[in-house]
Amino acid sequence: MATIEGTFENSSSLSVAIVIARFNDLITNKLLSGCLDCLSRHGIDISESSQQLDIAWVPGSFELPIVSQKLARTGKYEVVITLGAVIRGDTPHFDVVVSEASKGIATVSRDTGIPIVFGVLTTDTMQQALERAGIKNNLGWNYALQALEMGSLMKAVN
Ligand code: INI
């Protein structure tokens with residue numbers, strides 16, 4: 001029997017792309033800061049001159065899949081992290097944006113074989129979003145951790 005799992009031992013060598021939505025950037029910038037903190041603490045160079053991290057900005061969560069797809073297809077990245085925030089209270093087409101973002105990200109991940117972390121907060125209110133983006137907890141940190149685990153796991157499966 002083989003037990004196959006991701007570890008964090010070689011996280012520092014992973015190449016990572018982050019795709020982040022400008023919509024609700026009060027929230028997404030906080031997710032980004034949590035995400036970068038986690039990557040940095042695991043040895044990834046997050047400096048401006050980093051050769052292992054790129055960050056792409058898109059208008060909103062709806063655009064996360066197409067840019068994730070293009071980045072994943074370059075073959076330069078072992079894992080892609082998407083960051084977005086869709087807030088039901090302010091969004092009549094909440095369900096459309098969330099559905100397209102989630103389906104699109106899952107499809108890109110399966111089609112390219114590159115793990116794409118679904119880092120899109122979906123909340124009823126701005127207060128809930130703030131709580132998950134730093135006031136209580138910063139899920140950006142968790143998304144980065146999940147990316148490191150998946151990057152490692154995909155290598156372990158080979
Ligand atoms: N994009 C988001 O990331 N979050 C939202 O809450 C949101 N709202 O409220 O509509 C949102 N809309 C923009 C959408 O993602 C696209 O950028 C836009 O429709 C252009 O394609």
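This is a predicted model: local features need pLDDT of at least 70, side-chain atom pairs count only at pLDDT 80 or more; totals for chains, interfaces and linings use all residues.
Residues are numbered from 1 along each chain as its sequence is written, and side-chain values use heavy atoms, with hydrogens and water left out.

Let's start with the chain as a whole. The protein chain has 5 helices and 4 strands; these are DSSP runs, with helices being H or I of at least four residues and strands being E of at least two, numbered from the N terminus. Read from the N terminus on, the elements go β-α-β-α-β-α-β-α-α. The radius of gyration of the protein chain is 15 Å, close to the 15 Å that the globule rule gives for 158 residues, so the chain is as compact as a globular protein of that length. That radius is taken over C-alpha atoms, and the globule rule is 2.2 Å times the number of residues to the power 0.38. Along its principal axes, the C-alpha trace spans about 45 × 35 × 30 Å.

What about the inside and the surface? Of the 158 residues, 45% count as buried, where buried means under 20% relative accessible area, exposed means over 50%, and partly exposed is in between (1.4 Å probe, protein chains only). The protein chain exposes about 8,200 Å², and carbon and sulfur atoms supply 52% of that. Areas like this come from the Shrake-Rupley method with a 1.4 Å probe; for residues, only the protein chains shown count as cover.

Now for the ligand. It is surrounded by 13 residues, and the closest are S61, F62, E63, A85 and T91; a residue is near the ligand if one of its heavy atoms lies within 4 Å of it. By class, this shell has 7 nonpolar, 5 polar and 1 charged residues. For that tally, Ala, Val, Leu, Ile, Met, Phe, Trp, Tyr, Cys and Pro are nonpolar, Asp, Glu, Lys and Arg are charged, and the others, Gly among them, are polar. Strand β3 (residues 79-87) gives the largest share of the shell, 3 residues.

N24 lies in the loop between β1 (16-21) and α1 (25-41), and N24 is buried, with a relative accessible area of 18%. Most residues other than glycine have a negative phi. N24, although not a glycine, has a positive phi of about 60°.

S61, one of the closest residues to the ligand, sits in the loop between β2 (53-58) and α2 (64-73). S61 is buried at 5% relative accessible area. Not counting residues up to four places away in sequence, S61 touches A21, G84, A85, V86, V97, A101 and V120.

Helix α2 also holds S68, which is buried with a relative accessible area of 1%. Leaving aside neighbours within four places in sequence, S68 is in contact with V19, V80, T82, V108 and I116.

T123 is found in strand β4 (residues 116-123) and counts as buried at 2% relative accessibility. The side chain of T123 reaches the backbone oxygen of T125 at 3.0 Å. Beyond four places in sequence, T123 touches V86, I87, R88, F94, Q128, A129 and R132.

Finally, W141 lies in helix α5 (residues 139-157) and, at 28% relative accessibility, counts as partly exposed. The side chain of W141 makes a polar contact with the side chain of D37 (3.1 Å). A polar contact is a pair of N or O atoms within 3.5 Å; within protein, one must be able to donate a hydrogen and the other to accept it, and residues adjacent in sequence count only if both atoms are side-chain atoms. Setting aside neighbours within four places in sequence, W141 is in contact with G34, C35, D37, C38, R41 and H42.

Conventions. Contact means heavy atoms within 4.5 Å.
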